[in-house]
Amino acid sequence: MSRRLGRETALQTLFMADVGRMDPAYALQYASEEFGISEAAAAFAKELVDGAVTNRETIDANIRRLAKEWHLERMPHVDRNLLRVAIFEMLFRKDIPLNAAINEAIELAKIYANEESAKFVNGILGQLARELREARGERAPAQESVAATVTTPVMPQATASPERLSMADQEQQTPGVNEV
């Protein structure tokens, strides 16, 4: 769990630096003391903060590109900084699996923001993961394939008789379709 605490500390640090205009090194020291985290978690948090700060231009460019309807500057502070931590992990940390970075960001969004933030973070990071896997020539994990299938709406054909449709299919039909 030291990595989870490291991510939380990195999020708190980047949040303080972003909102409070604090020096990231000072904010990291303050957050590490506030959480009372282990040396291992503090070291991991420092790697994440340093990486996110050093590569901020590249990270923010990716956020802007992927969040098409959102301006980075108007995005909630927690969401923006969660994305910075996770995108740093995804782009620059080969030792962290893409799904681990995404799952951790979603869990932190649920804790520090809300369910809508978790969905937003998941959408941005999921798209980046698909692009990275495609660029690397990797296959998407089975979960993504299932999710893609589920999100593609499959509507029953209008010519099918109501007797041949399952109850779920009948519920999905628009009102009046069964009327002849």
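Helix 2 (residues 24–35) and helix 3 (residues 39–54) pack together in this predicted model, with an angle of about 155° and axes 11 Å apart. Angles over 145 degrees count as roughly antiparallel, and helix 2 and helix 3 are therefore roughly antiparallel to each other. Helix 2 makes a right-handed crossing as it passes helix 3. On the helix 2 side, P24, L28 and S32 form the contact, while helix 3 brings A42, A45, K46, V49 and V53. Sorted by class, the residues of this contact are six nonpolar, one polar and one charged.

Now let us turn to helix 5 and its two partners. A pair of packed helices is described by the angle between their axes and by the distance between those axes. The table sets out the pairs in that way.

| Helix pair | Angle | Axes | Crossing |
|---|---|---|---|
| Helix 2 and helix 3 | about 155° | 11 Å apart | right-handed |
| Helix 5 and helix 6 | about 165° | 9 Å apart | right-handed |
| Helix 5 and helix 7 | roughly 20° | within 11 Å | right-handed |

With an angle of about 165°, helix 5 and helix 6 are therefore roughly antiparallel to each other. Which residues meet here? From helix 5 come V78, L82, A86, E89 and M90, and from helix 6 come L98, A101, I102, A105, L108, A109 and Y112. This contact has 11 nonpolar residues, no polar ones and one charged residue.

Helix 7 (residues 115–136) crosses helix 5 at roughly 20°. Angles under 35 degrees count as roughly parallel, so helix 5 is roughly parallel to helix 7. Here helix 5 contributes D79, L83, A86, I87, M90 and L91. Helix 7 answers with S117, F120, V121, I124, L125, L128, A129, L132 and R136. By class, the contact of helix 5 with helix 7 divides into 12 nonpolar, one polar and two charged residues. Look for A86 and M90 of helix 5 in the structure: they take part in the contact with helix 6 and also in the contact with helix 7.

What about empty space inside the model? Rolling a probe the size of a water molecule over the atoms shows where such space is left. The count comes to one cavity of 30 Å³ or more, and the largest cavity holds about 30 Å³ of space. Its lining is made by R7, L82, V85, A86, E89, A101, E104, A105 and L108. Six residues of the lining are nonpolar, none is polar and three are charged.

Note on methods: Residues are numbered from 1 along each chain as its sequence is written. This is a predicted model: local features need pLDDT of at least 70, side-chain atom pairs count only at pLDDT 80 or more; totals for chains, interfaces and linings use all residues. Side-chain values use heavy atoms; hydrogens and water are left out. Axes are lines fitted to C-alpha atoms, for helices over the stretch in contact, and angles run from 0 to 180 degrees between N-to-C directions. Helices (H or I, at least four residues) and strands (E, at least two) are DSSP runs, numbered from the N terminus. Angles under 35 degrees count as roughly parallel, over 145 as roughly antiparallel, 65 to 115 as roughly perpendicular and the rest as oblique. A crossing is left-handed if the near helix is turned anticlockwise from the far one by less than a right angle, and right-handed if clockwise. Contact means heavy atoms within 4.5 Å. Ala, Val, Leu, Ile, Met, Phe, Trp, Tyr, Cys and Pro count as nonpolar, Asp, Glu, Lys and Arg as charged, and the others, Gly among them, as polar. On a 1 Å grid over the protein atoms alone, a cavity is a set of points where a 1.4 Å probe fits but cannot get out, and a pocket is an open set with protein on both sides within 12 Å along at least five of seven lines; lining residues have an atom within 4 Å of a point. Grid points are joined across faces, edges and corners, and a volume is the space filled by probe spheres set on the points.
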